[in-house]
Amino acid sequence: SYSLEIFNRWEQVIFESDDYSYGWDGKIKNSNNDAPQGIYLYQLKVNDGSGVQHIKRGMLNLIR
């Protein structure tokens, strides 16, 4: 399984997906508004072939 979440600085989820072929396009979920330029947090969860879950967290810089 797979899940990706993008958070703003107030830790609100602004993007989420459980489809690995659908990445973040820089828009805020449930709207057609562009997210402002800046730093965002991400959390990626992936289960490998043996069922072990791997979680990666970090920051990304959205540049417009």
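**Ground rules.** I am working with a predicted model, where local features need pLDDT of at least 70, side-chain atom pairs count only at pLDDT 80 or more, and totals for chains, interfaces and linings use all residues. I number residues from 1 along each chain as its sequence is written, and side-chain values use heavy atoms, with hydrogens and water left out.

**Entry 1: the fold.** I began with the secondary structure, taking helices (H or I, at least four residues) and strands (E, at least two) as DSSP runs numbered from the N terminus. The protein chain has 0 helices and 4 strands, and its pattern along the sequence reads β-β-β-β. Along the principal axes, the C-alpha atoms fill a box of roughly 40 × 20 × 20 Å.

**Entry 2: contacts and cover.** How much of the chain is buried? I call a residue buried under 20% relative accessible area, exposed over 50% and partly exposed in between, with a 1.4 Å probe and protein chains only. By that rule, 23% of the 64 residues count as buried. For contacts I use heavy atoms within 4.5 Å. Of the contacts with a separation of 6 or more, 34% come from residues 24 or more positions apart.

**Entry 3: aromatic rings.** I looked for rings of Phe, Tyr and Trp (its six-membered ring) with centres within 6.5 Å; planes under 30 degrees apart count as stacked, over 60 as edge-to-face and the rest as tilted. The structure holds 2 such aromatic pairs. One of them joins F15 and Y22, a tilted pair at 5.6 Å centre to centre with 40° between the planes. F15 is buried at 5% relative accessibility, while Y22 is partly exposed at 45%.

Then I checked W24 and Y40: their ring centres are 5.4 Å apart and the planes stand at 65°, so I noted this pair as edge-to-face. W24 sits in the loop between β2 (13–17) and β3 (38–47) and Y40 in strand β3, so the pair ties together parts that are 16 residues apart in sequence. Both partners are buried: W24 has a relative accessible area of 18%, and Y40 has 6%.

**Entry 4: salt bridges.** Which side chains pair up by charge? Side chains of opposite charge can pair when their charged atoms come close. My cut-off asks for a side-chain nitrogen of Lys or Arg within 4 Å of a carboxyl oxygen of Asp or Glu. Searching the whole structure gave me 2 salt bridges.

K29 and E16 meet at 2.9 Å, N to O. This pair links distant parts of the chain, since K29 is in the loop between β2 and β3 and E16 in strand β2, 13 residues apart. K29 is partly exposed at 32% relative accessibility, as is E16 at 44%.

K27 and D34 meet at 2.7 Å, N to O. K27 is partly exposed with a relative accessible area of 25%, and D34 is partly exposed at 44%.

Entry 5: I stopped at E5, which lies in strand β1 (residues 2–7). For charges, I count Lys and Arg as positive and Asp and Glu as negative, leaving out His and the chain ends. E5 is buried yet has no salt bridge, and the nearest side chain of opposite charge, K45, is 5.4 Å away. Leaving aside residues up to four places away in sequence, E5 touches V13, F15, E16, L41, Y42 and Q43.

Entry 6: Most residues other than glycine have a negative phi. E11 is in the loop between β1 and β2 and is exposed, with a relative accessible area of 62%. N30 also went on the page, with a positive phi of about 60°. N30 is in the loop between β2 and β3 and is exposed at 78%.

**Entry 7: the surface.** My areas come from the Shrake-Rupley method with a 1.4 Å probe; for residues, only the protein chains shown count as cover. The accessible surface of the chain comes to about 4800 Å², and 49% of it belongs to carbon and sulfur atoms.

Which residues make the nonpolar patch? I39, L41 and M59 do, over about 300 Å². Patch residues have over 30% relative accessible area and no salt bridge; like charges are joined within 9 Å, and nonpolar side chains (Val, Leu, Ile, Met, Phe, Trp, Tyr) within 5 Å. M59 is in strand β4 (residues 53–62) and is exposed, at 64%. L41 is also on my list of residues that E5 touches.
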